[in-house]
Amino acid sequence: MRSRYTAYCLKDAKYIHDTYAQAKQAQNNIDDIAAFANYARFIKLEVLEEVAEATQEVVEFKAHYIAENTHYILHERSNFITEAGRWYYLDGELYDTPTTKVGRNDVCPCDSGKKYKKCHGS
């Protein structure tokens, strides 16, 4: 899950696509993944819960990102499975979260303590 978050930060759509479970890859177009990764500027990841079993794992997380000077939180409970000895994203449940407009002089939502304009607002 953390590697997929990092891939979104790096805008590596191919990696994100390749880490979908085989049954889900055809439903997730690389161009659509790339469009979202280019739109969003990911700034913080919070892992809330991990429940691991031998061939299945559930991870609840909040991925914070900024787009068009608005702070979004992607809150999801994700299901991962193993295929050929590796973990792959299967699906997840999204939760409704608020959005917040971020002003230049507001504190950056990444928790750096800096003003947005000096941190992620550039």
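User: In which helix does Gln25 lie, and is Gln25 buried or exposed?
Analyst: This is a predicted model, and in it Gln25 belongs to the helix that covers residues 22-25, which is α3. A residue counts as buried under 20% relative accessible area, and Gln25 has 16% relative accessibility, so the helix is α3 and the state of Gln25 is buried.

User: Which residues is Gln25 in contact with, leaving aside its neighbours within four places in sequence?
Analyst: Contact here means that heavy atoms come within 4.5 Å. Once the neighbours within four places in sequence are left aside, the residues in contact with Gln25 are His17, Asp18 and Tyr20.

User: How many bridges join strand β1 to β2, and how many residues lie between them in their hairpin?
Analyst: Strand β1 takes in residues 41-52 and runs antiparallel to β2, with Val51 standing opposite Val58 of β2. The two strands are joined by 10 bridges, and the number of residues between them in the hairpin is three.

User: On the β3 side, what is the bridge partner of Val58?
Analyst: Strand β3, residues 70-83, runs antiparallel to β2 and is joined to it by 12 bridges. These two strands also form a hairpin with two residues between them, where Glu68 takes a positive phi near 50°. Within β3, the bridge partner of Val58 is Asn79.

User: Why is strand β2 described as largely enclosed by the rest of the structure?
Analyst: Strand β2 covers residues 56-67, and it is described as largely enclosed because most of these residues are buried. The count of buried residues in β2 is 10 of the 12.

User: How many disulfides does the structure hold?
Analyst: A disulfide needs two cysteine sulfur atoms within 2.5 Å. The sulfur of Cys108 has its closest cysteine sulfur in Cys110, at 3.6 Å, which is too far for a bond, and the sulfur of Cys110 has its closest in Cys119, at 3.6 Å, again too far for a bond. Both Cys108, at 2% relative accessibility, and Cys110, at 14%, count as buried. The number of disulfides in the structure is zero.

User: What is the volume of the largest pocket, and which element gives the most to its lining?
Analyst: The largest pocket has a volume of about 440 Å³. Among the 23 residues that line this pocket, those closest to its centre are Arg4, Tyr8, Leu74, Glu76 and Tyr89. Two or more lining residues come from each of α1, α4, β1, β2, β3 and β4, and the element that gives the most, with five residues, is β4.

User: Which residues lie nearest the centre of the second largest pocket, and how many of its lining residues are nonpolar?
Analyst: The second largest pocket holds about 170 Å³ of space and is lined by 14 residues, of which Met1, Arg2, Ser3, Phe80 and Trp87 lie nearest its centre. The elements that give two or more residues to this lining are α1, β1, β2 and β4. By class, the lining has two polar and four charged residues, and the number of nonpolar ones is eight.

Definitions and conventions
Residues numbered from 1 in each chain as written. Predicted model: local features only at pLDDT ≥ 70, side-chain atom pairs only at ≥ 80, totals over all residues. Heavy atoms only, no water. Buried < 20%, exposed > 50% of the residue type's maximum accessible area, 1.4 Å probe, protein only. Helix = DSSP H or I, 4+ residues; strand = E, 2+ residues; numbered from the N terminus. Pairing = 2+ DSSP bridges. 1 Å grid on protein atoms, 1.4 Å probe; cavity = no way out; pocket = protein on both sides within 12 Å on 5 of 7 lines; lining within 4 Å. Points joined across faces, edges and corners; volume = space filled by probe spheres on them. Nonpolar A, V, L, I, M, F, W, Y, C, P; charged D, E, K, R; others polar.
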